[in-house]
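User: I have a model to go through with you. Could you take me through it?
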Amino acid sequence: EVLVTNTARCKGDLTNEMATIASKVGGHSGRYGVLDANGKPRCPWWSTQKIDNHFLSATEKQRQLFVRDMEDEDAPFQGEWAKMAIDRGREYDFVHFLTDEERDLYLKNGFIACGVDLAAKKKKPGAKSVLTVLYVDNEGDHQILWMDGGNWTSPELRDKLLQIHERYRCPIFVETNGVQLYLREIVEEKAKERGIDIRIESFYTGSANKHDPVYGVESVFVQMSQNRWIIPSQNGEPLGFCKEFVSDLSAYRPNQHSPDSIMSLWICKEGIRVAMQKRKRRVGFSVGSV
């Protein structure tokens, strides 16, 4: 008997050729990634947190940890991962509003926030502002509660953020730039008129954190490949603006402009991750914004 162990890098490489030969002569080949069929770490010295925090890029993580063929020029996102998130979301609808009781239940088991990607500072024609409301539970599952985008004016965006506050009463993370400061000013001015204490948090976006191998934009792809995302869907189709988000996932390229929907979701995810870390270090930390 001959036993060969190796990690395939791409279609047509030596490892894949040997697997083809083995199948022709009555042999066997198999792929055994770091997670088993149930999504649990296969080895006792691995954990989902260790996988998330591994220094490898998204492409290399797919190759080395999940034993998937990846060409260097391939898009870092694979369509099958979106299908997994859509399949998980087939029994989910958008959550348009939370009562106090519902919100308390969500916050008992996780964290809710809204991420905003502004189109105003972009040079790309047709760029949209996108709002993403996300829930992350204590086990690391990510559920899109709401997503919407459009070419809104500043007053329209202001009113939408006030509505987000009224619907979810959650922190709102917005990129740190001149437009964000102006938006925050007009939102807080209108909120003060209505007697609302809205919570808008600044989020810095730069090349370093966008392309960080552990927490950058591509960390979303790694989590989706682990079946830890829920995209609300009906009959196999994502709901509302999530359809554009799924399309943007396949179009993403590290060296090109990041689609607005992906940036909005990533800003929200990262804001939540940092906030949840802080909550673990505090006693009696509250997300309440009223």
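User: How many disulfides does the count come to?
Analyst: The count comes to zero disulfides, a disulfide being a pair of cysteine sulfur atoms within 2.5 Å. Cys268 is in no disulfide, and its nearest cysteine sulfur, that of Cys114, is 6.2 Å away.

User: Is Cys268 buried or exposed?
Analyst: Cys268 is buried, at 0% relative accessibility. Buried means under 20% relative accessible area, exposed over 50%, and partly exposed in between, with a 1.4 Å probe and protein chains only. Cys242 is also buried, with a relative accessible area of 0%.

User: What are the ground rules here?
Analyst: This is a predicted model, where local features need pLDDT of at least 70 and side-chain atom pairs pLDDT 80 or more, while totals for chains, interfaces and linings use all residues. Residues are numbered from 1 along each chain as its sequence is written, and side-chain values use heavy atoms, without hydrogens and water.

User: Switching to helix 4: which residues are buried?
Analyst: In helix 4 (residues 79-88), the buried ones are Trp81, Ala82, Ala85 and Ile86. Down the helix axis they fall within an arc of 140 degrees, so they line one face of helix 4. The arc is taken over directions from the helix axis to the C-beta atoms. Helices (H or I, at least four residues) and strands (E, at least two) are DSSP runs numbered from the N terminus.

User: And the sheet, what is its strand order?
Analyst: The open sheet has six strands in the order 5-4-1-2-3-6, with mixed pairing. Strands pair if DSSP finds at least two bridges between them.

User: Which are the edge strands?
Analyst: Strand 5 (200-203) and strand 6 (229-230), each pairing on one side only. Strand 4 (residues 172-175) runs parallel to strand 5, joined by four bridges, and Glu175 stands opposite Phe203 in strand 5.
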